[in-house]
Each structure stands twice: as C-alpha cells, then as structure tokens.
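Dear colleague,

I am passing a structure on to you, and below it you will find some notes on what turned up.

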Amino acid sequence: MQKTLVLIKPDAFGKNHSGDIIKLYEDAGFKVVAAKVMRMTPELAAKHYVEHIGRPYYSALVEFMTSAPLMALVLAGDDVIKRVRELNGATNPAEASEGTVRKLYAEDKTKNAVHASDSEASAAREIPIFFSACEMFD
Ligand code: CDP
Ligand code: MG
C-alpha cells in the first residue's frame, strides 16, 4: 500500500483543526497508520526541508515550523501521495480550491496548515525522519 507523510503544521494544530483535517483524509478512504504530536527542532527542519535551504523563505519557514507542536502522520491508501496533495490544495492558500485543507484552514503561504510528500521518493525519504518501522501499523 502506498504511504505518504503528512504534517499538520503548528498553525492548524494549534487551532485544534487536527480532527477536521484527519476526517477529510479518512472520508477520502485513507488510513492513518502512524501518528504523533511533536515539536520540530531546527536540525529536524533542516533534514526535512533540505531542498529549501537557501531559499528566501527558508528562515521564516524554520522559525514557524519550530515555534510550537505539530502532528506528524503517515497515511496509506491507493494513490495516497497524489490524492492527499490534491486534498491539501495549492501551497498558497489564496490559490487553493474550495474545500481543500489549505483553503479551509491555512493563513498564508508559510503558515499553510499542512505538509504532504510530493512523490514516492519524497515519501520514502521523509517518513523515516519522523517514524521508525515499529511506530507504523498497516
Ligand atoms: O508544501 P508544498 O510542497 O506545497 O510547497 P513547497 O514549495 O515544497 O514549500 C515548502 C513549504 O515552504 C511550503 O508549504 C510553505 O510553508 C513554505 N513556503 C513559503 O513559506 N514561501 C514560499 N514562497 C514557498 C514555500
Ligand atoms: Mg513540498
């Protein structure tokens, strides 16, 4: 079964939208196979967002992601990587479609409620940053 990493970012987690967001994924047929509440460290952020190091928004992104707890999830299901990206909507909530997580819950381009892996290679790289095999049940 295909798997993807989702982070319910500190903005959405702090506003108690985790349940609403997980319901969207579950209603679409996906299974939560791992979950935890945690606080990102700068080291973890650098590992997770390695391809963004040096971009103009990088320091604001790390400051935001390390500012408060978040919820990390692994979701499983058919075509889950592409489908969860669709359910999340565009990176910039101003461009996100009606009914998407980012349209419903994101504040701006940085505080945009959720992360989801963008490819099979990204999911395979990102999931072990947050979870060990014994923390996943499927
Ligand atoms: O999260 P997604 O894959 O949709 O977007 P990305 O291009 O991989 O960027 C990763 C994250 O960096 C975004 O989700 C935003 O939180 C942040 N970002 C930002 O603050 N400003 C930008 N111009 C682009 C990205
Ligand atoms: Mg991305």
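How far apart are the closest N and O atoms in the salt bridge that lysine 23 forms with aspartate 27? They are 3.0 Å apart, where a salt bridge is a side-chain nitrogen of Lys or Arg within 4 Å of a carboxyl oxygen of Asp or Glu. Both residues belong to helix H2, residues 18–27, and stand four residues apart, about one turn of the helix; helices here are DSSP runs of H or I with at least four residues, numbered from the N terminus. By the salt-bridge rule, the count comes to eight.

Please bear in mind that this is a predicted model, in which local features need pLDDT of at least 70 and side-chain atom pairs count only at pLDDT 80 or more, while totals for chains, interfaces and linings use all residues. Residues are numbered from 1 along each chain as its sequence is written, chains are lettered from A and ligands numbered from 1 in the order in which they are written, and side-chain values use heavy atoms, without hydrogens and water.

Turning to ligand 1, the residues that surround it include Lys9, Tyr49, His52 and Arg85, where a residue counts as near if one of its heavy atoms lies within 4 Å. An oxygen atom of ligand 1 is 2.9 Å from an N or O atom in the side chain of asparagine 112, and an oxygen atom of the ligand is 3.1 Å from such an atom of arginine 102.

Best regards

Technical notes: Polar contact = N/O pair within 3.5 Å; in protein donor to acceptor, adjacent residues only side chain to side chain. Helix = DSSP H or I, 4+ residues; strand = E, 2+ residues; numbered from the N terminus.
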